Amino acid sequence: MVKIVKLEPIAQETEIATNNNLLSILIEKDLDVLKECGGRGMCATCHVYIKQGMNFLSPMTRREQRTLEIITSCKPTSRLACQSRVLDDGVVVELPPGMYVKSLQDIEALIGRRAEQDLLHPVTGQVLVENGKLITRSTLKQLETTKFQIGEFLTYTTDA
């Protein structure tokens with residue numbers, strides 16, 4: 001059976017099969033979601049806020065709770081789209097503002113420019129460069145450190 005989910009801030013309603021996860025909608029709509037861990041609930045790059053209908057989603061797993069604990073932009077309404085299965089109509093999803101940085105090349109190409117939106121740490125969601133701020137080489141250094149931490153984090157959560 002099909003359920004209706006609303007995506008904010010793009011104000012778009014979309015259909016999803018019952019028990020499919022929110023990540024499938026985000027991918028279908030070509031929204032900027034990285035899914036670095038392949039949808040296993042370990043990286044937080046599919047972090048979303050549930051504005052309405054939290055009780056119409058599958059319960060949060062222990063792994064999802066542990067992953068959400070590391071996100072600096074986490075709120076009580078936070079969920080991982082890959083772990084949130086839609087059980088009924090009435091879910092309203094809000095995407096966190098900003099763009100997750102995928103690689104050093106993403107930043108390298110933007111050095112000397114002002115960020116058009118917040119550039120976010122791929123694991124914690126921490127803002128690396130604020131909207132409107134100048135992108136510098138020091139941002140690259142931050143990301144080099146981040147790249148190591150991502151690998152370390154994924155290894156930790158896989159082994160746990």
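Okay, so first off, what we have here is a predicted model.

Let's start inside. The largest nonpolar core has 22 residues, and the members that touch the most others are Val5, Leu22, Val91 and Val93. Where does it draw from? Two or more residues come from each of β1 (2–8), α1 (22–28), β3 (47–52) and β5 (91–94). The top contributor is α1, with 4 residues.

If you click on Val5 and skip its neighbours within four places in sequence, you'll find contacts to Leu22, Val91 and Val93, and also to Ile16, Ile25 and Val86. Val5 contacts Gln12, Glu13 and Thr14 as well. There's another core that lies apart from the largest one; that one has 7 residues, including Ile107, Leu128, Val129 and Ile135.

Now, the cysteines. How many disulfides turn up in a search of the whole structure? The search finds 0. Take Cys37: the nearest cysteine sulfur belongs to Cys43 and sits 3.8 Å away. Cys37 is buried, by the way, at 5% relative accessibility. Cys46 isn't in a disulfide either, with the sulfur of Cys82 as its nearest, 3.6 Å away. Cys46 counts as buried too, because its relative accessibility is 4% and the cut-off is under 20%.

Last stop, Lys75. You'll find Lys75 in the loop between α2 (62–68) and β4 (78–80). Its relative accessible area is 46%, so Lys75 goes down as partly exposed. Lys75 and Val48 are 27 residues apart along the chain, and their C-alpha atoms are separated by 9.7 Å.

Definitions and conventions:
Residues numbered from 1 in each chain as written. Predicted model: local features only at pLDDT ≥ 70, side-chain atom pairs only at ≥ 80, totals over all residues. Heavy atoms only, no water. Core = buried A, V, L, I, M, F, W, Y, C linked by side-chain atoms within 4.5 Å. Buried < 20%, exposed > 50% of the residue type's maximum accessible area, 1.4 Å probe, protein only. Contact = heavy atoms within 4.5 Å. Disulfide = S-S within 2.5 Å.
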